[in-house]
Amino acid sequence: EFLKTRDEPLAADLGTGSGAIAISVAYEVPEAHIIAVDISDDALMITAQNARKMGVEKCVTLVSGDMLDGLKSRGLFDAILSNPPYVKTHDIEQLQPEIRDFEPVTALDGGADGFKYLDSIAADAHMFLKPGGLLLLECEGEQAEKVKDKLETVSCYREIEIILDLAGKKRIVKALLERKLNN
């Protein structure tokens, strides 16, 4: 809904993987342009195939890069969306087989504490957002409070909230950029 209120919105999907987020946004908001960033060329190839299947390939630009680094010199965004790797390294073996056995480790492994990417996105996304821009970060239950705290510490966001998934678990942290910081 947020992007539907913007004229020709520009959004980024960090760690796009198969492109589910980028393609869904492009499909739902056809006037949007989405930059889909992933470090894996194989993932970007799958995103391209999926975008073609859904007829949104003209709305999605694929960028090979590591999270926010893929956004450099691309302007400011109306929204940054990400489902980054956030599983703790030592928890990967305990994941359900349908995830553990079929997802690349790089798509799951968020480092020893699960915050390898969450921390950097929360700390630096404001540099790539327009004032009033939306940040949505997927994480798992216990991480949501820490991500929310990090965004509050950055002190340029408003309306920071945790959104529950369908099972009632903390899953998404949402924030709106109130003002640009002087960097």
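**Figure 1. Aspartate 78 and its salt-bridge partners in the predicted model.** Aspartate 78 is buried, with a relative accessible area of 2%, in a structure that is a predicted model. Its carboxyl group forms a salt bridge with lysine 130, and the closest N and O atoms of the two residues are 3.3 Å apart. Because aspartate 78 belongs to strand E4 (residues 77-82) and lysine 130 to strand E5 (residues 129-138), the pair ties together parts that are 52 residues apart in sequence. Lysine 130 counts as partly exposed, at 29% relative accessibility. A network of salt bridges links Arg6, Asp78 and Lys130.

**Figure 2. The salt bridge between glutamate 161 and lysine 174.** In this pair, the closest N and O atoms are 3.6 Å apart. Glutamate 161 is partly exposed, with a relative accessibility of 33%. Lysine 174 is also partly exposed, at 22%.

**Figure 3. The salt bridge between lysine 72 and aspartate 69.** The side chains of these two residues meet at a distance of 3.2 Å, N to O. Aspartate 69 has a relative accessible area of 47% and is therefore partly exposed. A search of the whole structure finds 10 salt bridges.

Figure 4. Helix H2 comprises 14 residues, 41-54, and reaches 20 Å from its first C-alpha to its last, close to the 20 Å expected at 1.5 Å a residue. The buried residues of H2 are Ala43, Leu44, Thr47, Ala48 and Ala51. These residues lie on the same side of H2 because they cover an arc of only 145° around the axis. Their cover includes helix H1 (20-28), strand E2 (33-38) and strand E3 (60-64). On the other side of H2, Asp42 and Lys53 are exposed.

**Figure 5. The ends of helix H2.** Serine 40 caps the N-terminal end of H2, where one of its side-chain oxygens lies 3.3 Å from the backbone nitrogen of aspartate 42. After H2 comes glycine 55, which has a positive phi, near 75°.

**Figure 6. Lysine 53 in helix H2.** Lysine 53 lies in helix H2 and is exposed, with a relative accessible area of 68%. Lysine 53 and isoleucine 23 are 30 residues apart in sequence, and in space their C-alpha atoms are 9.9 Å apart.

Key:
Residues numbered from 1 in each chain as written. Predicted model: local features only at pLDDT ≥ 70, side-chain atom pairs only at ≥ 80, totals over all residues. Heavy atoms only, no water. Helix = DSSP H or I, 4+ residues; strand = E, 2+ residues; numbered from the N terminus. Expected span 1.5 Å × (residues − 1). Buried < 20%, exposed > 50% of the residue type's maximum accessible area, 1.4 Å probe, protein only. Arc of directions from axis to C-beta. Contact = heavy atoms within 4.5 Å. Polar contact = N/O pair within 3.5 Å; in protein donor to acceptor, adjacent residues only side chain to side chain. Salt bridge = Lys/Arg side-chain N within 4 Å of Asp/Glu carboxyl O.
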